[in-house]
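Here are my notes on the model, point by point. Please read them with the coordinates open.

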Amino acid sequence: MTNETQIALEEGRILPLMEDFYTLQGEGFYTGTAAYFVRIGGCDVGCHWCDVKESWNAALHPATPIEIIVENAKKVAKTVVITGGEPLQWNMKPLTELLKNQAFKVHIETSGAYPLSGIWDWICLSPKKNKLPLEPIYEVANELKIIVHNKHDLIFAEEQAQKTNPNALLYLQPEWSKQAEMTPLLIDYVMQNPQWKLSIQTHKYLNIP
Ligand code: SF4
């Protein structure tokens, strides 16, 4: 990598783009909404059940100018969801400014483990036990989404909800490999604790990306 590329990456003018595609948001509050997904490479959070482990090594994904990402999105979509990987490993300010200048709604899916950068219409915070969110993001999250792999994750969910601003929507989502076991448990839990809602990975049931 040249020095110039390194500087552009640090400044967020180019980003390691793993994939970008137009689909329906499968999870959480915007389930069923058409959106352009931009998956940025790089994550060191290390969830053992992660379903996008190919995203972890940023060096495997082409350093892509943000203008190209925005041009691709502009052809088809009005809402862009930035996901990863962990997108906040990178400076999101230039990409989100460019998207906002083009009148996109801009959403993020993040573990919150890195400092928040960028301008967002919707922040989906999905905390992970092995690398907790930094404090400031709890104040601005619009939605808290806890992935439930086992029963103990419900205790973690309640701890995280305590830290999150009271306007945030609260979602419990069964981890996909455990969904047969966890979904009935979460249905019961949500009925007992209706401040939570159930989120399921509808895109996986629909077999869309
Ligand atoms: S934070 Fe997301 S991308 Fe990173 S390891 Fe966990 S599930 Fe995978």
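1. The shell around the ligand has seven nonpolar residues, two polar ones and no charged ones. Here Ala, Val, Leu, Ile, Met, Phe, Trp, Tyr, Cys and Pro count as nonpolar; Asp, Glu, Lys and Arg count as charged; the others, Gly among them, count as polar. The shell is made up of Cys43, Val45, Gly46, Cys47, Trp49, Cys50, Val52, Trp56 and Gly85. A residue is near a molecule if one of its heavy atoms lies within 4 Å of it.

2. A word on the source. This is a predicted model, where local features need pLDDT of at least 70 and side-chain atom pairs pLDDT 80 or more, while totals for chains, interfaces and linings use all residues. Residues are numbered from 1 along each chain as its sequence is written, and side-chain values use heavy atoms, leaving out hydrogens and water.

3. A cis peptide bond joins Gly84 to Gly85, with omega about 15 degrees. Gly85 is in the loop between S4 and helix H3 (93-101). Helices (H or I, at least four residues) and strands (E, at least two) are DSSP runs, numbered from the N terminus.

4. What is the strand order in the open sheet of nine strands? It runs S3-S1-S2-S4-S5-S6-S7-S8-S9, with mixed pairing. Strands pair if DSSP finds at least two bridges between them. Strand S3 (63-65) and strand S9 (196-198) are the edges, each pairing on one side only.

5. Strand S4 (residues 79-83) pairs with strand S5 (residues 105-110) in the parallel sense, over four bridges. Val80 has Val106 in S5 as its bridge partner.

6. Ala103 lies in the loop between H3 and S5.
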